[in-house]
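User: Could you go through this assembly with me, contacts between the chains to begin with and then a few single residues?

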Amino acid sequence: MFYRESGDFKTSYSGDQQIFPIAFDRWVVIAFCAFAFVVVPFLINDYWEKSVLVPVLVWSLAALGLNILTGYCGQVSLGTGGFMAVGAYASYKLTTSFPEMNMFIVILLSGGVTALVGIVFGLPSLRIKGFYLAVATLASQFFLVWLFNKVPWFYNYSASGQISAPERFVFGIAISGPNSPPWATYLFCLTFVVVFALIAKNLTRGRLGRSWMAIRDMDIAAEIIGVPPLKTKLSAFAVSSFYIGISGALFFMVYLGAAEPTEAFGIEKSFLVLFMIIIGGLGSIFGSFIGAAFMILMPVLFKNIMVGGLGWPTDLVAHLIFMLIGGLIMFFLIVEPHGLAQLWRVTKEKLRLWPFPH
Amino acid sequence: MKHTKLAAAAVAMAMTLGANTASADLVFPSLDYRTGPYAPNGIPFADGYSDYFTLLNERDGGIGGVPARVLPCETGYNTEKGVECYESTKGEGALVYQPLSTGITYQLIPKATADGIPVHSMGYGRTSAANGKVFSHIFNYPGTYWDAASIIVKHIADQEGGDLKDKTIALVYHNSAYGKEPIRTLEELAKKHGYNLTLLAVDHPGQEQKSQWLQIRRERPDYVLMWGWGVMNQVAIQEAANIRYPMDHFIGVWWSASENDVLPAGDAANGYKAVAFHGVGSGFGVYDDLKKHVVDTGKAAGDGSNLGTVLYNRGMYAAMLASEAARTAQEIHGTADITPAMMRDGMEALNLTEARMAELGLANFGPEVSVDCANHGGPGLGAIQQWDAAAGTWSLITEFTGADRDVVDALIAEDSAAFAAENNITPRDCGA
Amino acid sequence: MSPEFLYTIEVILNGLMAGIMYSLVALGFVLIFKASGIFNYAQGVMALFAALTLVGFQSGQIPFSHLINVMFGTEYHHWGEGMNNFLAIVLTILVMIAFAWLVEKLVLKHLVNQAPIILFMATIGLAFFMEGFGDLMWGANIKTLDVGIPSGGSFWWEDVTRTWATEGSEYYGMYIDVLDVWATGIAVALVIVLMLFSQFTKTGRALRAVADDHQAALTVGISLRTIWVIVWSIAGIVALVAGIMWGSKSGVQFSLSLIALKALPVLILGGFTSIPGAIIGGLIIGVGEKLFEFWVGPLIGGATENWFAYVLALFFLMFRPQGLFGEKIIERV
């Protein structure tokens, strides 16, 4: 009834081409952002910050990055964990070498470094395709982690190879280290996520995004109509790695605060992000967010219900969570193979016509 | 839309469940792992930890009259889950954390210090946390990895008649922060004693170690040391047996020394050694009580089959040290209902004498432990235990001996100073 | 021969053996991919599950005992002495066949004609599910697996090779693990049986027809769903073999499911669709990574095997993007 296009007339091209052409959508998104920026910081506590909000934000950013590469450009990658490690170590080296550097710049530069590394490891994609490429990107995953574990320069020659985030400030407020207030770290991450989600949305609507999708749908055909595969594939690798690098830097600096490469950036992280985008929806910005939320929050939710609510033994619950997550993944794929975002899209289609579907 | 809202409400409700109100119990969170690649190691430890507190509640009505409550939280040895566990349990008045993972310990060092909650990383975690001047809330008594490395080298020297010159020692290690811990110490000791050190890294999970053991077979080092965890231990011991490496020259750290590690190799594991900081077997008085009050009444955390195994003993020992520290805190502050800050004071003033251990039914279970403001690493004593495959038991073959304090203390001072500088910590004045 | 040369041969030999162990895992992947185009992420977990079930039957564990005990406050763990190896293996095979049937019935049936990545994701869901299910059924503690396959270094081979070394040089003889020799024998037998099966039986021919072209196979009256059940059953049996070989080495525990990671480079090198490719790929990866660790490893700090296997596979892919034995990718606009 409220969710409709009729009566919402556009009188300019820019009005017609805006991201959310339906007024209701626009207002919901604006209200949601306002809520996230203005209200949530007053309600947040340590538990919500460290177990719910910041992880979801950080993983959303990683999922966004991978979705650009896999969902929009069609290049399956399992090197996400390794690229996150690049971002994390870049931010660590930058901030310990130049303690005065503004944190925004540190994080952005880490993304830049990761983008360069991403281009190098993206080169095989020009020749290798599909699952073969996925497994080939595993080479970068294992090699990068090994490198960060082996070369002492990366971890400033500390005894065990662990890196710890030093305390850093933005506008005089700590955003890393143990004394950072929950609202500050949350807002710091939220800013990055909102800004880069907007950029991603616009990138995918523009010329670059369209050339990515052309390559995804059929690269030979795209090449014939004049989309250069080299430039397009590598730009997708670069942009995707940039996002993943930023998420890695935030993951280490803001969320965890300490990391060792083998455990924090292992192969299971690469798989985790891939699960997120497939469950959320390939080629969907919104899907990256719900995919990340699903994979991060479901275990926490089940755990709290079953251990906190029902008081079952923790090991039984852990096994059951695995079964439930697995079962849910299969269930959703059977119901809607194109991810949660597609479910959402179908719901919206129905809402447009509601309550008079005929 | 309606469903989304309902779901959101359910999420919100379920998540607030995680933060219940604190009660008058003494809360001991147990960040254990009964799933994942390290579950076989995590299960007996968690069982021991929780069974000992159950025993205290059943037999003595708690600690100083206040019942203890163990708050299990499954981490799966995963750092992020560990963080979630920490945040969800700290609001319940958690007195001390026992993370049982190097990664989670490193996470909690700054966080728990800022929150004023002590962490007891018993024989693992960051070794230089033994310096209480820098790490006010982190404890790793009764011993550290560097102590372990030094004690093993000392044992080797005893075997070799005191002379290690031109001997070769190989270290097979888990290629992670944990496995890399002893390297510095072993290098320093190599300078001092003149032996050659060969380093062999094994990547997680460590199922395939053929290259490493072929290299050992070729170079025939006089001794092989191991810093392993999980499946790596079983495979390493199996491979060592396969190449017929003399097992009594193969010495593991205390985390590579459980029944789980040697049993798959069968008789071939006979003679394998490891360093230990507490006693082995179930021949202690406390086991009669555990049987009577916990296992036979069906209150045990596991199925009771783990009693007396190395890791069960270690979990129980950790619980005993925690409860004794709580008791000390109760005495210092004159109140039975202690806070994490009081618990910290209790841990720092812990003085566990042989008489007290005998009283607890743990006579000769481990060395006396005393902790003070400057030394959070405790006595740093260790003994060597050896596996008897025919009998299926471990036994201690040496007395508890100390580490080479000159070497270890210098390294601790150096590493903790680096940490203090990096994090702008002014070392506390401990009055001495 | 100089000891140095003999060492190299020793490394190559052991690399070949290790490669065979990787191939055992890779075989299961290839079978399913060939017949249904599904990249089965759950293959490693299937190996773990099969091994767990085998040990459970052998030792007479009661399935779900932990859950039952918690729910009803009972104390059941075992139902007696267990059973002999043969019976346990047969029962485990039956369980794996039942599992294949269930997977087809509950999951795959509903996902016919979906994109490969969706099917891949479904097997990931399956892997999650089985990980929890296996642990719930048999417990997460480590179990010793012994089906009577000997292990340990071979004395005979050591004595034989010792005489090859140059006179007077200090050489101890060559090392070879008997378990690995057995694994090689079993792998060879397995491949021969699979070949014979697919060449000379009706079902085998149907399998090959499906692998060639789903549509054409359907039109000549081959039931795709029956074929899928058969293929998943065979993959389950291969997983059992892999689980037994790897489990005898390290005991049966969660980490067993991670052997899938060692099979991935073998797969890309050999090609997803070729059984001989899986074997040859395994041999190349095994020898390559062991030699690299032997020659270059000590110079750059060791533990190179994990990534070098992938780099090696990547190198081969540069020349043959479909893997060594994969079907040539033909693209039409």
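Analyst: What follows goes from the chain contacts to the domains, the core and some loop residues. This is a predicted model, in which local features need pLDDT of at least 70 and side-chain atom pairs count only at pLDDT 80 or more, while totals for chains, interfaces and linings use all residues. Residues are numbered from 1 along each chain as its sequence is written, and chains are lettered from A and ligands numbered from 1 in the order in which they are written.

User: OK, how many residues does the contact take from chain A and from chain B?

Analyst: Chain A contributes 35 residues and chain B contributes 35 residues, where two residues are in contact if their C-beta atoms, placed from the backbone, lie within 7 Å. On the side of chain A that touches chain B, α3 (46–72), α11 (261–264), α13 (285–309) and α14 (314–335) of chain A each supply at least two residues, and α13(A) gives the most, with seven residues. Helices (H or I, at least four residues) and strands (E, at least two) are DSSP runs, numbered from the N terminus.

User: And what is the make-up of that side by class?

Analyst: The side of chain A that touches chain B has 15 nonpolar, 15 polar and five charged residues. Here Ala, Val, Leu, Ile, Met, Phe, Trp, Tyr, Cys and Pro count as nonpolar, Asp, Glu, Lys and Arg as charged, and the others, Gly among them, as polar.

User: Now chain C, which elements of chain A supply residues there?

Analyst: The contact takes 37 residues from chain A and 43 residues from chain C. On the chain A side, α6 (130–150), α9 (219–224), α12 (267–280) and α14 each supply at least two residues, with α14(A) giving the most, 14 residues. By class, that side has 30 nonpolar, three polar and four charged residues.

User: How do α6(A) and α14 of chain C pack?

Analyst: α6(A) and helix α14 (residues 305–319) of chain C pack at an angle of about 140 degrees, with their axes 8 Å apart; axes are lines fitted to C-alpha atoms, for helices over the stretch in contact, and angles run from 0 to 180 degrees between N-to-C directions. Residues of α6(A), including Y132(A), F142(A), F143(A) and W146(A), meet residues of α14(C), among them W307(C), Y310(C) and L314(C). The contact of these helices has twelve nonpolar, one polar and no charged residues.

User: Switching to chain B, how is it divided?

Analyst: Chain B is divided into domain 1 (22–143 + 283–380 + 412–422) and domain 2 (145–276), with bounds that come from an automatic or database domain assignment. The C-alpha centres of the two domains lie 28 Å apart, and twelve residues of domain 1 are in contact with 16 residues of domain 2. On the domain 1 side, α2 (39–60) and α11 (310–333) of chain B are the elements that give two or more residues, and the residues of that side divide into five nonpolar, seven polar and no charged.

User: What about the largest nonpolar core, how many residues has it?

Analyst: The largest nonpolar core has 369 residues, and those with the most contacts inside it are L61(A), L250(A), A51(C) and V231(C). Such a core is a set of buried Ala, Val, Leu, Ile, Met, Phe, Trp, Tyr and Cys residues joined through C-beta atoms within 7 Å. Its largest share, 17 residues, comes from helix α1 (residues 3–36) of chain C. Both domain 1 and domain 2 of chain B give residues to this core, so it lies between them.

User: Is G36(B) buried or exposed?

Analyst: G36(B) counts as buried, because it has 23 C-beta neighbours inside 10 Å, and a residue is buried if 20 or more other C-beta atoms lie within 10 Å of its own, exposed if 12 or fewer, and partly exposed in between. G36(B) is found in the loop between β1 (26–32) and α2 of chain B and, not counting residues up to four places away in sequence, touches G76(B), Y77(B) and F254(C).

User: Where does V371(B) lie?

Analyst: V371(B) lies in the loop between β11 (369–370) and β12 (381–388) of chain B, and V371(B) is buried, with 25 other C-beta atoms within 10 Å. V371(B) and P142(B) are 229 residues apart in sequence and 8.6 Å apart in space, C-alpha to C-alpha.
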